[in-house]
Amino acid sequence: MISKPDLRSLSFEELKRETEEAGEKSFRATQVYEWLHKKNVADLNEMSNVPAAFKEKLLLKYDLYSMVPIKVLEDSEDGTKKFLFKTIDGNAIESVLMKYEHGYSACISSQVGCKMGCAFCASGIGGKVRDLTSGEMLEQIYEMQKAADVRISNIVVMGTGEPFDNFDNFIRFYEMITDKDGLNISGRNITVSTCGIVDKIRELADKEYALTLAISLHAPNDDLRKTLMPSANRYKIKDIMEACDYFFEKTGRRVTFEYSLMSGVNDSAECARELSELVKGKNCHINLIPVNPVKERDFKRSGNDRIADFKKLLEKNRINVTIRRGMGKNIDAACGQLRRSYMNGEADIGQN
Ligand code: SAH
């Protein structure tokens, strides 16, 4: 068990306070912050210009929750890299690095496991183990940048976990990654995806961040949605839509609705019509995701014709719609699949 909080989750202001309390000069805070967030050290001993006594004081109160890459899979076609990281307490989490024309995009996890239990998703199979700290969310990005020797410019919080079930840590992560003393990534280049936790959507809206909000909708009505997502029993589509309108009102940012197409489940023409009615007139965008079949689940990908028809029906209703480009098809890039095979002892961890 980990008993102490994560040093890398401290904001610069908080680190400055720690520095003062330890009786150190304020420039030491800048030094330590740089080691943690620019040079990405895994161990305080590596902070060569920081006095040992100060490091010892920090270690009495804090741990460094570093992430160790234990496996990297690369898709030889599109260059997508999937990382399996080991956490300080021996858990495994996944992150993905994707190359686009305009730069590199990272998909990170927000929790170890997930308690939302969506019927088509591999991440929720074993339930939630724990929340990731803000520092651990940052670490996924730092470590991927280091390992691949690239600069990440886009982030999607769409890996394992429900970010709004770990809201405070997500907010702290957002503040730190967009901070000028951190990676200084623009909020416009960050997307957070939620299964639709209404009160948190509103709380996020009140922050007026310039980020993109993505909602996992997957069904145009509550009855069907309940068969796919247990969270639909608690949060009605109507309330989610109202919260999204509020988000748009506060931020002026267009909301994305994710809709995973599952053959014979939610891909009928009737579903497309119902979905059109639901979002008609809203300033939003629909992202159709051909479902990624998961070995433990029984859902099949809709055929290409069905997908194209579904898209056409939405377009006829003048709805903004795209089909998500499948990245990393050759490396099991669907959420949670690599972690599951690792936990089941199936992944070949010895080789990269
Ligand atoms: N918990 C958050 C974020 C993680 S999942 C959420 O629910 O939005 C990221 C997206 O991938 C969600 O839209 C999720 O529903 C979708 N997803 C999960 N498993 C999938 C699968 N096997 N095929 C296609 N999409 C999947």
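Is Asn-40 buried or exposed? In this predicted model, Asn-40 is buried, with a relative accessible area of 6%. The sections below place this residue among the domains, cores and helices.

## Domain organisation

The protein is divided into domain 1, spanning 11-61, and domain 2, spanning 68-343. Their C-alpha centres are separated by 34 Å. Contact between the two involves eight residues of domain 1 and 10 residues of domain 2.

## Nonpolar cores

The largest nonpolar core comprises 96 residues. Within this core, the members that touch the most others are Ile-155, Phe-170, Phe-173, Leu-204, Phe-257 and Ile-286. Helix α5 (residues 167-177) supplies the largest share, seven residues. Because domain 1 (11-61) and domain 2 (68-343) both give residues to this core, it lies between them. Apart from it lies another core, of six residues, including Val-96, Met-98, Met-158 and Ala-214.

The surroundings of Ile-286 can be listed residue by residue. Leaving aside residues up to four places away in sequence, Ile-286 touches Phe-257, Tyr-259, Leu-275, Val-279, Leu-314, Ile-319, Asn-320, Val-321 and Thr-322.

Helix α2 (residues 27-37) is largely enclosed by the rest of the structure, because eight of its 11 residues are buried. The buried positions are Arg-28, Ala-29, Gln-31, Val-32, Tyr-33, Trp-35, Leu-36 and His-37. Their cover includes α1 (12-21), α3 (52-61), α4 and α5.

Asn-40 belongs to the loop between α2 and α3. The phi angle of Asn-40 is near 55°, a positive value in a residue other than glycine. Most residues other than glycine have a negative phi. Asn-184 also has a positive phi, near 60°, and is found in the loop between α5 and β8 (190-194). With 47% relative accessibility, Asn-184 counts as partly exposed, whereas Asn-40 is buried.

## Ser-134 in helix α4

Ser-134 is located in helix α4 (residues 134-148). Its relative accessibility is 0%, so Ser-134 counts as buried. The residues that Ser-134 touches, not counting those up to four places away in sequence, are Ser-9, Asn-169, Arg-172 and Phe-173. With Asn-169 there is a polar contact: the side chain of Ser-134 reaches the backbone oxygen of that residue at 3.2 Å. Phe-173 is also one of the core residues that touch the most other members.

## Packing of helices α6 and α8

Helix α6 (residues 198-207) packs with helix α8 (residues 237-251) at an angle of about 5°, and their axes are 8 Å apart. Since angles under 35 degrees count as roughly parallel, α6 is described as roughly parallel to α8.

On the α6 side, the residues that meet α8 are Val-198, Ile-201, Arg-202, Leu-204, Ala-205 and Asp-206. Their partners in α8 are Asp-239, Ile-240, Glu-242, Ala-243, Cys-244, Tyr-246, Phe-247, Lys-250 and Thr-251. Leu-204 is also among the core residues that touch the most other members.

## Thr-227 in helix α7

Thr-227 is part of helix α7 (residues 222-228). A relative accessible area of 55% places Thr-227 in the exposed class, because exposed means over 50%. A polar atom of the Thr-227 side chain lies 2.6 Å from the backbone oxygen of Leu-224. Thr-227 and Cys-118 are 109 residues apart in sequence, while their C-alpha atoms are 8.9 Å apart in space.

Definitions and conventions
Residues numbered from 1 in each chain as written. Predicted model: local features only at pLDDT ≥ 70, side-chain atom pairs only at ≥ 80, totals over all residues. Heavy atoms only, no water. Core = buried A, V, L, I, M, F, W, Y, C linked by side-chain atoms within 4.5 Å. Buried < 20%, exposed > 50% of the residue type's maximum accessible area, 1.4 Å probe, protein only. Helix = DSSP H or I, 4+ residues; strand = E, 2+ residues; numbered from the N terminus. Domains from an automatic or database assignment. Contact = heavy atoms within 4.5 Å. Polar contact = N/O pair within 3.5 Å; in protein donor to acceptor, adjacent residues only side chain to side chain. Axes fitted to C-alpha atoms, helices over the stretch in contact; angles between N-to-C directions. Parallel < 35°, antiparallel > 145°, perpendicular 65-115°, else oblique.
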